[in-house]
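Dear colleague,

Please find below the structure that I am handing over to you. My notes on what was found in it follow directly after.

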2 protein chains.
Amino acid sequence: MQGVTLTDIETDEDVAARTGATVYVCITCRRPGDPEDAPRPGLALARATAEAAEGTGVAVCQVECLANCSRSLSAAMRCDGAWTYVFGGLEPERDAESLIEGAQLLARAEDGLLPWRGRPEVLKRGLIARVPPLDFAKEDFKEETE
Amino acid sequence: MQGVTLTDIETDEDVAARTGATVYVCITCRRPGDPEDAPRPGLALARATAEAAEGTGVAVCQVECLANCSRSLSAAMRCDGAWTYVFGGLEPERDAESLIEGAQLLARAEDGLLPWRGRPEVLKRGLIARVPPLDFAKEDFKEETE
């Protein structure tokens, strides 16, 4: 770190903003058996995630369906130059912070892959799918499963 | 169609190329119980899809893992301005043409959503997840399920 001053170091907020780190939360997700007009737990998760995102530089978008209904609640995350990840099995009262933490990890990932080490537990067991970044051609990485 | 000549009409190939229509096929996908060193059916699907793509303007990329291993074989598709879709339960001898047909439909979709009507059957029942386009902010669409 020789010669590096504090002002040279990008904060998490700077990195998230620079890479366009975004979490998409499905607000139509509901529990099996919930009546159609019950308050949607997906919406509660979206609101909690937006709150957790304050001051982090991570954007939170509400989405009407991520088509992962059978394994809801659902959210996705992306950053420029990184893979896009979809997660399921989320809980509104529990997982907002983990989503933001994951987006920050992804924004910092130099290889564009969400690291397994240090990844919040729910983003390990709740992984549904991942999609390569736009500039992807052919790669050599695999989802690491310790 | 008054005043429209043949040269005004974009071919499927033009549209696919203009929108950067791309199919990503997971080449590490294998059947449960297959030995580690058996030929990967995912690779066979990738090759068949590349063949089916010839002359269509759709790009086909091999990917090492889409993290949809429990519901393989897996593929994803994207176009500029459109949602990205992930599919599972694919078969190498059966589904290459459907993937290309789906990518062409997506490239033509003015709302950026893969239409349900006319969508190849395997892209209906094999839908795993979808993720909004880059310029997405807040939308009003839902996955249509007839």
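Predicted model: local features only at pLDDT ≥ 70, side-chain atom pairs only at ≥ 80, totals over all residues.

Is A:F87 buried or exposed? A:F87 is buried, its relative accessible area being 0%; here, buried stands for under 20% relative accessible area, exposed for over 50%, and partly exposed for what lies in between, with a 1.4 Å probe and protein chains only.

Residues are numbered from 1 along each chain as its sequence is written, chains are lettered from A and ligands numbered from 1 in the order in which they are written, and side-chain values use heavy atoms, with hydrogens and water left out.

Aromatic rings

A pair of aromatic rings is described by the distance of the centres and the angle of the planes. Over all chains, the structure holds six aromatic pairs. Rings of Phe, Tyr and Trp (its six-membered ring) count as a pair if their centres lie within 6.5 Å; planes under 30 degrees apart are called stacked, over 60 edge-to-face, and the rest tilted. A:F87 forms a stacked pair with A:Y85, at 6.2 Å centre to centre and with 10 degrees between the planes. A:Y85 is buried too, with a relative accessible area of 0%.

A:F136 and B:Y24 form an edge-to-face pair, because their planes stand at 65 degrees, with the ring centres 6.0 Å apart. This pair joins two chains, since A:F136 lies in the segment after β5 (127-131) of chain A and B:Y24 in strand β1 (residues 22-26) of chain B. Helices (H or I, at least four residues) and strands (E, at least two) are DSSP runs, numbered from the N terminus. A:F136 is buried at 10% relative accessible area, and B:Y24 is buried at 2%. Ring pairs also link A:Y24, B:W83 and B:F136 into a cluster.

Two arginines sit over tryptophan rings. The charged end of A:R130 is 4.0 Å from the centre of the ring of A:W83, and B:R130 lies over the face of B:W83, at 4.0 Å from the ring centre. The criterion is that NZ of Lys or CZ of Arg is within 6 Å of the ring centre and within 35 degrees of the ring normal.

The contact between the chains

How many residues does each chain give to the contact? Chain A gives 33 residues and chain B gives 33 residues, contact meaning heavy atoms within 4.5 Å. The two chains bury about 2600 Å² between them, 61% of it on carbon and sulfur atoms; buried area is the accessible area (1.4 Å probe) that two parts lose on being put together, summed over both. Between chain A and chain B there are zero salt bridges, a salt bridge being a side-chain nitrogen of Lys or Arg within 4 Å of a carboxyl oxygen of Asp or Glu. Four residue pairs, both at pLDDT 80 or more, are in polar contact between chain A and chain B. A polar contact is a pair of N or O atoms within 3.5 Å; within protein, one must be able to donate a hydrogen and the other to accept it, and residues adjacent in sequence count only if both atoms are side-chain atoms. On the side of chain A that touches chain B, the elements that give two or more residues are β2 (59-63), β3 (75-78), β4 (84-87) and β5 of chain A. β5(A) gives the most, with five residues.

Salt bridges

Side chains of opposite charge can pair when their charged atoms come close. Over all chains, 12 salt bridges are found. One of them joins A:R108 and A:D12, at 2.9 Å from N to O. A:R108 lies in helix α3 (residues 96-108) and A:D12 in helix α1 (residues 12-18) of chain A, so the pair ties together parts that are 96 residues apart in sequence. A:R108 is partly exposed at 41% relative accessible area, as is A:D12 at 38%.

In chain B, B:R108 and B:D12 meet in a salt bridge, 2.9 Å from N to O. B:E10 also forms a salt bridge with B:R18, their closest N and O atoms being 2.8 Å apart. B:E10 is partly exposed at 29% relative accessibility, whereas B:R18 is exposed at 52%.

Yours sincerely
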